[in-house]
Amino acid sequence: MTTDVVKIERTNLPPMAVDETTNDASMASCTSVVSGQPAGAGGGAVAGNTAGTPKESAKSQNLRRSVVKPTFEKDKYSFLNDLQMFHEKHGTPYLKLPKISGKDVDLHKLYSIVIGRGGWMKVNAREDWDEVIEELDLPTRCVNNEIALKQIYIRYLDRYERVNFHGEDKDPIEDDDDEKRLHRRWSVRMLHSTPSVYNHHQHNVPEGLRSSLKLSDDLYRASEYDKLILSLLSPLPNEQDFAINVCTLMSNENKHTLKVDKCPRLVYALLAHAGVFNHFSLRDTFDEYYSNIRKNSLQRFWKECLFERPQVLELSLEDCFAKMGTDPSALIASIYQEEQEEMDTKCGNENEDETESDFEIMNGRLNTASLRSFLSLGTGLGTNDYIGQRVLQIASIFRNLSFNEENLHLLGRNRTFIRFLIMCANARWNNLHHLGLDMLGNIANEIDINDPQSDEVTRCLVSTLSEGLEGADRGVIISCLEVLSKIAQKESNEENLNRCLNQKLYDQISLFLCLNDIMLLLYTLECIYSLTSMGEKPCNAIMHIR
């Protein structure tokens, strides 16, 4: 029965131009039409297949003609001729075939794929356009390629589909079917609302929907500091210096005209000039600015200042670890291997026995770090150290900004900024460590303490405070007590902070109660009061102090 239906359909096809690439089935159908003989009337194999088949009624034949879709039996050349005649008949002719990103769109293949999936409405309802693009071998990185393909289909194939696939014979104005009317309205709306060029406003998704659609909330917002940021990111050294001087004046403690809450990107631009980056792409840019243009290395400064604290030095390379996506141990080992080879070359093997007897040198990094500290082989240019002065200038700007309450919330929750403060607090260059601890004390009420087992920043922060409390510098001890007290006052930090503090730290804090120093005594009592408010564990730790 199926064979009869196909033959009946072919006998009713209009004459088609025969192309060399036409398959045997289409050639047979064309030959039968041109010769004027029905496919089932002649002799040969075709006649043999139809021998003995009863003829169907005219009503049954018309029904089967409406069900069978002859488009799939047409070759590409015949389809394009039919499509062009269809548009000329309806007053919508076209001269050129559409393109996406410079590549021609195969209308025959596009129509076949969409019809094979049930037509425009079903493909659009299921959002299958990305799969259609893959089948058409179109560029996947083209901006708005799905919308462009929809527009092409609406312009060239939508009306052709409704007439040849759905069998619409009425004038669309006289059509009262709700589904068809909806289809027509949707097609017209898509045709006129889809931009033919890139339109930025189509990305303006309401903030309420961005989270539900898993879209980024970190969007660009215009501010009055955009020109200042562009100057900070400029490759011209004079432009950078001028912008940093402007930030220094605007961050003056008396004026407070620089409000970083209005432009959070300003924080990242300033930190980049201090060698701390939130993304590896920004590191690559500033490595070009400083290493190749200014002939000074930002990373070398931190490597020399934090050589004895490898865990803190890793914070400066956090963006590199995100780029690598692997274990950073190899990168850290390479940092110290270069320095160790340099030290071995300078020191030689002449005084090896004497050094071992005097310092009880251990193998590995501790050996190199001890020699650097003893021989003072670190950075020592003072005011002539260009990178050191630049980092000190950036730290002074942020210290001024940290006294403004409007900036505290943003600075306290900026992970990159906290990394910078921890690095400054551990660096013994000029007064960077005092500036770092001062800024930590100003923003400590806004700092969130995370799980120390998974967060390197939390581990380094607690380690910095513990080492400061065990040191002999009175100013550092007071600053560490202040930071610890403010962090403990935040209720959300109680659980994670209790995991970080051990009995040894409580013993060290209690020793300050025995000193004849009123200011130190006040800060110690305030810190103990804040710690005991965190629950049972710190109270028991203080009770067990001997």
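Author: Start with the term. A salt bridge here is a side-chain nitrogen of Lys or Arg within 4 Å of a carboxyl oxygen of Asp or Glu. Side chains of opposite charge can pair when their charged atoms come close.

The model is predicted, so local features need pLDDT of at least 70 and side-chain atom pairs count only at pLDDT 80 or more, while totals for chains, interfaces and linings use all residues. Residues are numbered from 1 along each chain as its sequence is written, and side-chain values use heavy atoms, with hydrogens and water left out.

How many salt bridges are there by this rule? The count is 24.

Take one of them, Lys76 with Asp106. Their side chains meet at 3.6 Å, N to O. Lys76 belongs to helix α5 (residues 76-89), while Asp106 sits in the loop between β2 and α6 (107-116), so this pair ties together parts 30 residues apart in sequence. Helices (H or I, at least four residues) and strands (E, at least two) are DSSP runs, numbered from the N terminus.

Lys76 is partly exposed, because its relative accessible area is 43%. Asp106 has 24%, so Asp106 is partly exposed too.

Look next at the loop between β1 (99-100) and β2 (103-104), where Ser101 is found. Ser101 is not a glycine, yet its phi is positive, about 55°. With a relative accessible area of 54%, Ser101 is exposed.

The side chains of Asp241 and Arg294 meet at 3.2 Å, N to O. Asp241 lies in helix α14 (residues 237-250) and Arg294 in the loop between α16 and α17, so the bridge ties together parts 53 residues apart in sequence. Asp241 is partly exposed, at 22%. Arg294 is at 14% relative accessibility, so Arg294 counts as buried.

Lys295 counts as exposed, because its relative accessibility is 63%.

Move on into helix α17. Arg300 forms a salt bridge with Glu304, and the closest N and O atoms are 3.3 Å apart. Both partners lie in α17, 4 residues apart, about one turn of the helix. Arg300 is at 36% relative accessibility, so Arg300 counts as partly exposed.

Bridges can also join up. Which residues form a network of salt bridges? Arg117, Arg126, Asp128, Glu131 and Glu135 are linked this way.

Glu318 lies in helix α19 (residues 318-324). At 22% relative accessibility, Glu318 counts as partly exposed. Glu318 and Glu456 are 138 residues apart in sequence, but 9.6 Å apart in space, C-alpha to C-alpha.

Back to the bridges, in brief. Lys76 and Asp106 connect helix α5 to a loop. Asp241 and Arg294 connect helix α14 to another loop. Arg300 and Glu304 share helix α17.

Notes:
Buried means under 20% relative accessible area, exposed over 50%, partly exposed in between (1.4 Å probe, protein chains only).
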